[in-house]
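Q: Got a model here I'd like to go through with you. Can we take it piece by piece?

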Amino acid sequence: MATPEQTEAAPAAANSEPASHEARYNPAEIEARWQERWAAQPDLYAAEPASSARPKYYVLEMLPYPSGQLHMGHVRNYAIGDALARYMWMQGHNVLHPMGWDAFGLPAENAALKNNTPPREWTLANIAAMKRQMNRIGLSYDWRNEITTCLPDYYRWNQWFFLRMFERGLAYRRKSKVNWCPQCATVLANEQVVNGCCWRHEDTLVEQRDLEQWFLRITNYAQELLDDLSKLEGWPEKVRTMQRNWIGRSEGARIDFELEDLESIPEEERSARRGGTAVLPAREGVKGGEVKITVFTTRIDTIYGATSLQLAPEHPLVKQMTVADPALDASVADLLEQQRRAREAGDVGAIQKHGVFTGHYAINPFNGERLPVWVANYILLDYGTGAIMSVPAHDERDYDFAQKYGLEIRVVILPRRTGEPADSGETESLLPFTDEDSLLINSGDFSTVGCHEAQRRMAAYAEEHGFGKATVTYRLKDWGISRQRYWGTPIPMLYCESCGIVPVPDSDLPVLLPDNVEITQQGGSPLGRIPEFVGAACPQCGGKARRETDTMDTFVDSSWYFYRYTDARNDRAPFDASTVAYWFPIDQYIGGVEHAILHLIYSRFWTRVMRDLGLVRNDEPVERLFTQGMVIRNGAKMSKSKGNVVSPDEMIARYGADSTRMYSLFAAPPDRDLDWQEDGVAGVSRFLGRVCRFAIKYAGRAKNGRAAGGDLSPASQALLRKLHQTIRKITEDFAGRWHFNTCIAAIMELVNTLTAAEPAINGGEVPDVVLTEILRSLTLLLAPFAPYLAFELWEQIGEQDNLLRSPWPEFDEALAREEQIEIPVQINGKLRSVIRLDADADEDTVRDAALADPRIAALIECKEVARIILVPRKLINIVVK
RNA sequence: GCCCGGAUGGCGAAAUCGGCAGACGCAGCGGACUUAAAAUCCGCAGCCUCGUAAGAGGCGUGGGGGUUCAAGUCCCCCUCCGGGCACCA
């Protein structure tokens, strides 16, 4: 059971006798003392200037939203980053390890509504509380460069960047369909829509609205963002794949289909035109009209198999058609209504395909055939051209649709087999057949050509004849950043009655976010209700102008914050270019995988914009990215609704910060999900207690300084061997796979070895110089994981220097080597005995020893030895018949 | 549907290059210390069978097959769990 008294009662006992070797490990007392001392040294974790002789290392954890409470996911994230930062300092690097606050955003407005606290006040109070928690955990942040994105000295640079983008045409305004979350009462970017719902309100369906919005032209960089993914070798493959899919490049072609000129259709054909299920043959005299439908396809090679065109319901041409045709108008309205209802029912994935024939036909430019034009709900307006050619035989979706409405299905490609196309009857069972390793049939001059070659030749043919072109399309859309909210960066734009859209001049920055805003639940931008804010003079003509009242998406703040960390108090520029050039790119970025596309793709975009503005030299912001696993409990992610939340404060009060953070590293490898078990924290705490008691017990003998050499007793050799094996293991892990769980296990093994050797240590078999090396190294090894205890022991064993700047112990390969090793002996692959030999024994010696082993000898007696497999230093396997 | 992870004792996990499966820790059991408890320390501990015992043998890394002297690890098929994408033409 919980024993809160333990932490209160214990300090007194420890204070009375702090150095007693029987003293109980008392984290509350040790940690309180060191916190006070660290607080008195504001430069303790300060990065050195670019002139530093040490090589630079920039380690960064994703900045938190200041909700007011750290959760275990934060603790884990920061424990990983902090261990690395401390290790890198000890490895002699100049480490930049900053922290800040992603402080704009909707929760502050919600809190304002609920508690009647102004967003600014609420946010700053939360920041103070969380900063206190971070310091309590003992994280090594350089607070001199702290940033708070909701303060003008930060967000003015958002505005400054926005103006630079506007000047270059990278920021633009247009009316468009946008995602609208009714809960947030604001617009969302595509990246913030999850399964048709809001990313913050999983049960709230996103609506489509037409609004004037500011966009950033991220699509200008689509190809570069895609190409450079292959260079990000320090990123998890998973994240790169997610970004690749998000950018969604596809190669294909645009083709124009002319709508048939109704005037030119001969009288006798009119009756055959109902239904729209059949393709009408090419016919002399039928002409294309003025109106064209442009489709995008990746499979131009199947164009002879097209049997209809399909338009998105929101396609502009559909509107033109419905104006003249009330019956069609009703059908399309019905289509949209069905769509809306299906989404409301929540089953977005299971929406059925529906469509309506428009009564029009369009001419296939390759063969003059006339294809019925339909409207279908499975066509997306904002991908490609919002229109497709439907090839039921060779596309799954078109096949479903054609089956449902009885449209023609025409086979125009067949598997490549003996070189000759197979019989078409045999292929029908394969439909829809989409394999591109195939040959064309029934495709005019292109018949018998392979698909890939046909794609090239047909696109070239289309371009030659002026009705099409090879094209690349991306799924990535421009980034809509306007939000109809109060708590964000004001967009620095003005609307002048005579000059139109006018940017705020740099000299007028920042456009301050006013404080006196009443937060209400009514829609529209809150800033629009403050006349003093809205009213302004036009900087160009001096006339009356109106301020933009939308604010920026908060992902703008986090797209470049890590640059500001290098020079956060700069009031003339977002940062100093040469300082950034020194620190960038970030050597190691650590955070949750949930930001794989949103934050991390925006950041890559922003860095390229800054590069093109001449502000930075790096193409990528982040060299290596690490995504840690979630903290779960009882098989589910910690959340209030599941009632399985463990508060860091409670853990720290009960077991101390060292135990809490060390457990978060010990319970699982950092990239895997971690199952929180409180008993495990208690176990780590017990272990730290053993370390503490052991070190303090022998601290007196460790004050004799350092020395080495001389003949070592077997006991000393054994202890040093274990020590150097541990140093090797942990050093290699920091450089490689970061399995801190096994690093901590290795330290536990070392301590187990040490306590088991106490009789030898006390019996004079281990000289003080050896004991000194052991205690020093043990403390250094512990420092990245349990800094409070490490600082305490460092002082107890008489060291004067700053532990964080003391060199990481070097491992000595000769000391780490085992002199004797155990070799398992197998017979037919089954373990039968183990022999002990000198580590450098040659093969014959090993073989002879194995065969001479009494157990082995007995087992192979009367049997024929067929083969002996000997793996040096590993194993010997005797194969008998 | 497609793409990634993952599945190992009662539990969290380890085994880094195909070579002693279960390191380290939790929970458990036995013992020491104590008037007693807490704390601490020592020992046992994958499962099954045989044996009073020391010990011996068998089975065992989600399931089935394969490669190999040897497979948690490699190959093929399947099940379950977690995550991402999902009418992207």
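Q: What's the strand order in the open sheet of four strands?
A: This is a predicted model. In it, the order is E22-E21-E24-E23, and the pairing is antiparallel.

Q: Which ones are the edge strands?
A: Strand E22 (500-503) and strand E23 (535-537). Each pairs on one side only.

Q: And what's the twist?
A: From one strand to the next, the average is 40°.

Q: How many bridges join E21 and E24?
A: Three. Strand E21 covers residues 493-496, strand E24 covers residues 544-547, and they run antiparallel.

Q: What does Cys496 pair with there?
A: Its bridge partner is Ala545, in E24.

Q: Talking of cysteines, how many disulfides are there?
A: The count is zero.

Q: Where's the nearest cysteine sulfur to Cys538, then?
A: In Cys496, 3.6 Å away. Cys538 is in no disulfide.

Q: Is Cys538 buried or exposed?
A: Cys538 counts as buried, because its relative accessibility is 3%. The cut-off for buried is under 20%.

Q: What about Cys541?
A: Cys541 is partly exposed, with 41% relative accessible area.

Q: New topic: RNA strand B. How many residues surround it?
A: There are 46. The closest are Thr298, Lys353, Tyr383, Arg397 and Arg737.

Q: What kinds of residues make up that surface near RNA strand B?
A: They split into 18 nonpolar, 10 polar and 18 charged.

Q: On the RNA side, which atoms are within 4 Å of the protein: sugar or phosphate, or bases?
A: Sugar or phosphate accounts for 66% of those atoms, and bases for the rest.

Q: What does Asn877 contact?
A: A base oxygen of RNA strand B lies 2.6 Å from a side-chain N or O atom of Asn877.

Q: And Arg832?
A: Arg832 has a side-chain N or O atom 3.5 Å from a phosphate oxygen of RNA strand B.

Q: How about Thr297?
A: There, a polar side-chain atom is 3.3 Å from a sugar or linking oxygen of RNA strand B.

Q: Which elements give two or more residues to that surface?
A: Among them are helix H8 (237-247), helix H20 (678-698), strand E11 (288-297), strand E32 (830-838) and strand E34 (875-880). Helix H22 (740-756) is also one of them.

Q: Which gives the most?
A: H22, with six residues near RNA strand B.

Notes. Residues numbered from 1 in each chain as written. Chains lettered and ligands numbered in written order. Predicted model: local features only at pLDDT ≥ 70, side-chain atom pairs only at ≥ 80, totals over all residues. Heavy atoms only, no water. Pairing = 2+ DSSP bridges. Axes fitted to C-alpha atoms, helices over the stretch in contact; angles between N-to-C directions. Near = heavy atom within 4 Å. Polar contact = N/O pair within 3.5 Å; in protein donor to acceptor, adjacent residues only side chain to side chain. Nonpolar A, V, L, I, M, F, W, Y, C, P; charged D, E, K, R; others polar. Disulfide = S-S within 2.5 Å. Buried < 20%, exposed > 50% of the residue type's maximum accessible area, 1.4 Å probe, protein only.
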